[in-house]
Amino acid sequence: MVRSAVSPQTSSPDVEVPPAAPPTTVVRVPRAARSFADDLRARSDDELAALLLARPDLTRPAPADITSLAARASTRASVQRALEHLDGGALRLVEALLVVGADGAAAALGASKKAVEQGIRELWAKALVWRASDGWRTARAVGEILTHPAGLGRSAAELVTHPSTLALSPTTTPDEVADAEARLTDRARAVIEQLRWGSARASFTTPALRAVRDELVRAGLMVALDGDDAVIPREVGLALRGGRLSREPWAPPQPEPRHVDQADADTAAAGEVLDLLWRLDDVAAAWDEEAPRVLRTGGLSVRDHRRLAARLDASSELTAFVLEIGHAAGLFASDGEIDATWRPTDLYDEWTTWSPARRWAALALAWRDTVRAPGLAGQSVDGTLVNVLGKDAAWPLMRARRRDVLDVLAALPAGSAPTIDDVEALLRWRRPLRLPAGAPTHADVVLREAAWLGVLGRGALTSAGRALLAADPSSAADVEAVTTAMSTALPEPVDQVMLQGDLTAIAPGPLAEEAATFMRRAADVESRGGATVFRFSDASLRRLLDHGVSSAEALELLRRHSMTPIPQALEYLLGDVARRHGHVRVGSVSSYVRSDDEAALDALVADTGLASLQLRRIAPTVCVSPMPAATLLDVLREHRHAPVAETSDGGVVVRAATVERAPTPSRRTTPVQVHTLDAGEAEQLAGRLRAAEKDAVRPSEHDAHKRIPSCDPTVTLALLQDAAAESVPVWIGYVEAGGDIKRGLFRPASVTGGRVTGQLGDTSPVTRTFSIHRITGVASA
């Protein structure tokens, strides 16, 4: 089997940059120019402004003149960034220009000449191509970055002169390639078929395969390299493909997603939103009862993660998402103590007073902009387990990917519910360099999180999700727009439940704040969904009474918040719990326990589980203990004796529940920080560049007294590389070994390793090599 040695396009790390704004002006056909810099000079002010809007990285910092702008626009880093923002159609056009030039691009892409011409003009507007006297050329760095356009190898001329080449000159014309292919053996033809639309380079690792390689080399279809490798020259590869660069048409994918009614999608998402809000409240309640420790390396332990997942009745992945989104929104944080624990923050208490839609908006904006990646929790990265809320669960790439996925969904018609394959195909078309074939898109993770959050409903982007995509978290109006979009989908809060004879209650919708507080204290949540089911029990009713609510008040609250009569079973259960509640009372001697029921005190004294209290009976109805009254209360309640505290005159003391809070983080989310360039700023900068260009000094052969302006080393390097690539002379100022500053007409031939070599002088040129740092400036000749 032939193992292809894929040579992907060179790509930089996935970094977040502002999207390139398309030019708004009509792009004209430019006149031929001598150099890339001359092409920029020939542009109108509007066209320069359009270029700056399309590539805003060229303006940071602002270039001094058009020469500096040209140098910066031709650097590898800037061209790389511009290429990464091209969609699949524009990138294929660039590849076609590199392989066959502008004249053959239409045939190579299977497109109309008109469409190709329009595409070239759009590339020219971004300064990725320029018009020379011999036709359209790509910017110098484009060929350095796209070393294997469309998966094709290097040209035959480059390969046969390469020092590692071990073959005869390859076949290059389409007819010769067809004849050579027809004479191949079946095995060699199978290898060519395998490589035809894939990588141009392959490794032949067995004697049998090396024999096939030798056959292909003799046929002129491949060029042998060192070792077991061989490569198909660019001309041969193009001929094998029938002159086409790709099997796929030159058009974006056209998915046919199923359609969902937008109202149904919004309603389904509202249910997920309510479920998420409940789960966040459950986390806060659980951590108020017992705050988990922060690991020494940060994060939450696996044991605490699983315990919380069981309490939430949720998967480990969903639990991690709930925790991470709450942390990103500033609702949960470490308390910062020496023995640090995870707790709700001060902001959480404020957040609970907001409307459900406003609470959701804060969560959604935090999710969109956070660099946290909940999907990493529980996975092993480089042999290390990633803990939820830990530092290893941060991945900046996910922030850009969420925006890309939301952009893809927003571009589809409203109500479209695409499959994961559809989303991945559209993502790869939008970012072909960042997401080449085989690279993971993580679209499934983003879609899953978006569904849990309520940004998606039944697989379609919700109305609130569209508002979220364009919202600026620093704009109160935008936040309000997101809140309003979700509030229209959420059901109106209700303040009554339906009590049932099996000690359950059903809330037909989200509960108003007073009703929700009462039900959280009086009952436990049994199930959630479109309606929430609560269950009353001894423990839940005792919890209500512990908050200082008497049995009569509890009955009144039940009647107020019930749309049905109170079932007899619930009334009996409440009465029974109330009769036992407070039967044992605790005071302070250091502390004492008294009860009119002597048998109850007998049981307390005899209970070995209470030995730590050191109870001592001083009267038939009174026991004392050296423990504080608060400790007595807690221990007796743990042993289900249901005591209450009393004052010195026998009154009942309601102990207010106190919860500790972690400080709210000063920066809860990490939003994208991008300084955008608007049209007005672009026009002003274009005007300044034009003015600087008019004032620039351009030395000539007869103007020896004029000074060559100093250049930044980066600009110097770029100008010399352009001049070498285009074989044009330039004026340079340089420092001799003795310190003298001179000038001369220079024809650079090669620029490598910080040095430039070329011919210096006009009438009697000599070969000179200069270090870049010894060249003071460069100007067009």
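Me: Where is Leu-503 found?

Reply: Leu-503 is found in the loop between strand E15 (498-499) and strand E16 (504-507). Strands here are DSSP runs of E with at least two residues, helices are runs of H or I with at least four, and both are numbered from the N terminus. This is a predicted model, in which local features need pLDDT of at least 70 and side-chain atom pairs count only at pLDDT 80 or more, while totals for chains, interfaces and linings use all residues. Residues are numbered from 1 along each chain as its sequence is written, and side-chain values use heavy atoms, with hydrogens and water left out.

Me: Why does Leu-503 count as partly exposed?

Reply: Buried means under 20% relative accessible area, exposed means over 50%, and partly exposed lies in between (1.4 Å probe, protein chains only). Leu-503 has 21% relative accessibility and therefore counts as partly exposed. Its phi is near 65 degrees, a positive value in a residue other than glycine.

Me: What makes Asp-313 exposed?

Reply: The relative accessible area of Asp-313 is 67%, so this residue is exposed. Asp-313 sits in the loop between helix H15 (302-312) and helix H16 (316-328). Although not a glycine, Asp-313 has a positive phi of about 55 degrees.

Me: Why is Ala-82 called buried?

Reply: Ala-82 has 11% relative accessibility and therefore counts as buried. The residue lies in helix H4 (residues 76-84). With contact meaning heavy atoms within 4.5 Å, Ala-82 touches Arg-55 and Leu-128, leaving aside residues up to four places away in sequence. The C-alpha atoms of Ala-82 and Ala-127 are separated by 9.2 Å, and these two residues are 45 apart along the chain.

Me: What makes a group of residues a nonpolar core?

Reply: A nonpolar core is a set of buried Ala, Val, Leu, Ile, Met, Phe, Trp, Tyr and Cys residues joined through side-chain atoms within 4.5 Å. The largest such set has 75 residues, and those with the most contacts inside it are Trp-287, Trp-360, Leu-363, Trp-367, Leu-453 and Val-455. Helix H14 (residues 262-289) gives the most to this core, with ten residues. Apart from this core lies another, of 30 residues, including Val-94 and Leu-245. In soluble globular proteins, nonpolar side chains tend to be buried together.

Me: Which residues does Trp-367 touch, not counting those up to four places away in sequence?

Reply: Among them are Phe-321, Ile-325, Arg-402, Glu-449, Leu-453 and Leu-468.

Me: What makes E23 and E24 a pair of strands?

Reply: Two strands pair if DSSP finds at least two bridges between them. E23 and strand E24 (residues 652-653) have two bridges, in the antiparallel sense. Val-652 in E24 is the bridge partner of Glu-646. Five residues stand between the strands of this hairpin, where Gly-650 takes a positive phi near 90 degrees. In strand E23 (residues 643-646), Pro-643 and Ala-645 point one way and Val-644 and Glu-646 the other, and all are buried.

Me: What is the omega of the peptide bond from Arg-60 to Pro-61?

Reply: Omega is near -5 degrees, and this peptide bond is cis. Pro-61 has its place in the loop between helix H2 (45-54) and helix H3 (66-73).

Me: How many helices and strands are there in the protein chain?

Reply: The protein chain has 31 helices and 29 strands. Of its 781 residues, 48% are buried.
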